[in-house]
Amino acid sequence: MSPTRRLAALPCGRRSKWVVLALWLVLVVVAGPLAGKLMSAEDNEASSWLPGKAESTQVLVLQRTFQPVDTAQAVVVYERPGGITAADRAKAAQDAEAFADAPHVVGAVVGPQESADGQALQTVVPVDIGSNGWNDLKPAVEDMRATAAAGSDGMTTHVTGPAGIGADQAAAFEGIDGTLLFGTVAVVIILLLLTYRSPVLWVLPLVAAGVSLAASQALIYLLAEHAGLTVNAQSAGILIVLVLGAGTDYALLLTARYREELRRHEDRHEAMAFALHRAGPAILASSATVVASMLCLLVAQMNSTRGLGPVCAIGVLVALVAMLTLLPALLVIFGRWVFWPVRPAYGTPEPTKTGNWAHVGTWIGRRPRKVWIGTALALAACCVGLVSLNANGLSTAGTFTGKPDSVVGQQVLEQHFPGGTGAPLTVISAAGPAGAVQAAAAATPGVAATTPPVTHGELAVFQATLADPPDSQAAEDTVDQVRAAVHAVPDANAQVGGSTAVILDAGRAAAADNRAIIPLVLGVVLVILALLLRAVTAPLVLIGTVVLSYAAALGISAFFFAHVFHFEGQDNAFPLFVFVFLVALGIDYNIFLMTRVREEAGHRGTRAGAVAGLAATGGVITSAGLILASTFAVLGTLPVVGFAEIGFAVALGVLLDTLIVRSVLVTALTIDLDRHMWWPSLLSRRREELTDRRRADVS
């Protein structure tokens, strides 16, 4: 027995299977409690999301010189369209005193201030963000909303500003892990039942996937607590979807090959060893592609993007180990009966050889060039929707699928006060020239007002209120102008931060990440495919088809976002996230198909091998694609536009890649290119003479 065969047999040996099961049981006992602590290790502070070297991020750090705790301003807005009354003013003043005495409020409460039209009041309250990011804002803002609403006597009240928006974001993400977990598990169970048509078999892949999720969450928790790994609500949520989706994909591929080998081997242990030996390289290459793509995110400027990479890479690696050890052990322990009611008996014919996908392959083989040209043109037509893509960031209102109180309050605030009220710029400089810096900022067009500088040691800080809404393009242009003005003050070392500066810096960092990471991921995936397939032509063809699939999915998604869902636009990082997930996960199905095609081509030729490979893998890859697409679609249940858009686009892209690109386009290209697909390997130089029977397989 070869070393690789011997290694493949370890998880499914007559004795070793019990050792593997025991080891995983011990791991579950240890990992379970740690996995439950992952949420407590999340870092949702602003600095964990923003570009680390950006000017706005540096201002957040320097602000701690003046205020030892991180703060966010809550703006309490009172509105009476008929005009504010004396009782309203007294009510707002009483509320301001109550806010000042609240335990979560730090610093001076400013206001209430009346608007120029006499129809609104505003009170600015500095709130301690705490160590848990926006999670600590939520109870504080809820208390303020209750205080403001009590006894308002028909006057409408809202809490907005950075603190109000942060609290509503926390509410949107509240329970995200549970929502995604239960939603994803429900989807996986339903699709596994439909795939296997067995009341028992679906349990084993789901158990293995669940164990891998718990183990990965425990490991990530330990790394976050003791090794400085950054994990936030975004990465923790995507981890659930990715591990369950990718893990189930690997399980489907292995189980399908195991069922195939059970018809050829009487001993189920031997059948599993063959299945691992044959399917293992494809699963390993698939996971290596995903892991390498995720690790490419480490070069990102955005901290949230950079942190997502290792979190997802760890999850996929743990899922891989579970599917190549725990799942094989479980399958051989339970035996053939677990496939009931359709048990794969020894010596029975393999049904995939005459199934629907075999007929599809035969049909493609009759006219491969027409098929791939027509398919490519159809996908290219879908790319026209890219003209609707607006990945320039989302405003505060555009962030939510609904309209929470902070969004309504911001709109009321903009009607009665300068647009930037409640979200001013923060300017920090050297103490000496602080007056000149403040004068330069105040003289900048678009700045409505500035506060006097406050000094602390060698530094000074002041705030500048913008005339335009803080999430508008005009406000971002003003930030650039303010920066140019204060940077020009000699020896001031002035830096400009605040909400609008954060939006501006994040957008530019995300654009830079798109330009750097997308070609890097393509290069890494190309190298992995070349090593796996030992060819140059095939990897280039596969990369081209996946990129075309990505562009088509993005085009269709952009059309739906603009004209069906009426979303305002897309987050700056949307194209990158969708690209990484679609290329890393979409290439999986091409790997599953082409490794089998290469195996078949070695003894029957490339054209017949392509048809045989599609027949053998078509059903399982389609099932895997449906499961992965459905798990990502669960993201659309969250009331956050960014998650909903990523879930929709990735789900659509996976379906396109599974049902059209891999099954039709790649198969047709392989048949048309024939042996040249494997250039420059030895397989490309084999001029095999097809027998009449082999020609019949294709025609």
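## Close-up views of the predicted model

**Figure 1. The charged end of R662 is placed over the ring of W357, 5.3 Å from the ring centre.** A second contact of this kind involves R598, which lies over the face of W678 at 5.8 Å from the centre of the ring. A charge is taken to sit over a ring if NZ of Lys or CZ of Arg is within 6 Å of the ring centre and within 35 degrees of the ring normal. The model is predicted: local features need pLDDT of at least 70, side-chain atom pairs count only at pLDDT 80 or more, and totals for chains, interfaces and linings use all residues. Residues are numbered from 1 along each chain as its sequence is written, and side-chain values use heavy atoms, with hydrogens and water left out.

**Figure 2. Strand β8 (residues 459-466) runs antiparallel to strand β5 (residues 425-430), to which six bridges join it.** Helices (H or I, at least four residues) and strands (E, at least two) are DSSP runs, numbered from the N terminus; two strands pair if DSSP finds at least two bridges between them. At A430, the bridge partner in β8 is L459. Strand β6 (residues 447-450) also pairs with β8, in the antiparallel sense and over three bridges; here A449 stands opposite T465. In a regular strand the side chains alternate between the two faces of the sheet.

**Figure 3. Strands β7 and β8 form a hairpin with two residues between them.** Three bridges connect strand β7 (residues 454-456) with β8 in the antiparallel sense. Within this pairing, T455 has A460 of β8 as its bridge partner. In the turn of the hairpin, G457 has a positive phi of about 65°.

**Figure 4. An edge-to-face pair, Y550 and F579, is one of 13 aromatic pairs in the structure.** A pair of aromatic rings is described by the distance of the centres and the angle of the planes. The ring centres of Y550 and F579 are 5.0 Å apart and their planes stand at 85°, so the pair is classed as edge-to-face. Rings of Phe, Tyr and Trp (its six-membered ring) pair if their centres lie within 6.5 Å; planes under 30 degrees apart count as stacked, over 60 as edge-to-face and the rest as tilted. Y550 belongs to helix α19 (residues 537-563) and F579 to helix α20 (residues 574-604), so the pair ties together parts that are 29 residues apart in sequence. Y550 and F579 are both buried (buried means under 20% relative accessible area, exposed over 50%, partly exposed in between, with a 1.4 Å probe and protein chains only).

**Figure 5. F561 and F565 form a tilted aromatic pair, 6.4 Å centre to centre and with 35° between the planes.** F561 counts as buried at 1% relative accessibility, whereas F565, at 37%, counts as partly exposed. One aromatic cluster is formed by F559, F560, F561, F565, F567, F574 and F648.

**Figure 6. The structure holds zero disulfides.** The criterion for a disulfide is a pair of cysteine sulfur atoms within 2.5 Å. C296 is in no disulfide, and the nearest cysteine sulfur, that of C312, is 13 Å away. C296 is buried, with a relative accessible area of 6%. For C382, the closest cysteine sulfur is that of C383 at 6.9 Å, too far for a bond. C382 counts as partly exposed at 26% relative accessibility.

**Figure 7. The side chains of D267 and R14 meet in a salt bridge, with 2.5 Å from N to O.** A salt bridge is a side-chain nitrogen of Lys or Arg within 4 Å of a carboxyl oxygen of Asp or Glu, and a search of the whole structure finds 18 of them. D267 lies in the loop between α9 (233-262) and α10 (268-295), and R14 in the loop between α1 (3-9) and α2 (16-35), so the pair ties together parts that are 253 residues apart in sequence. D267 is partly exposed at 24% relative accessibility, while R14 is exposed, with a relative accessible area of 54%.

**Figure 8. E55 and R483 form a salt bridge whose closest N and O atoms are 3.6 Å apart.** The pair links distant parts of the chain, with E55 in helix α3 (residues 55-62) and R483 in helix α17 (residues 473-487), 428 residues apart. E55 counts as buried at 16% relative accessibility, and R483 counts as buried at 7%.

**Figure 9. R80 and D88 meet through their side chains in a salt bridge of 2.6 Å, N to O.** R80 is buried, with a relative accessible area of 19%, and D88 is buried at 3%. Elsewhere, salt bridges that share partners join R257, E260, E261, R264, R596, E599, E600 and R604 into one network.
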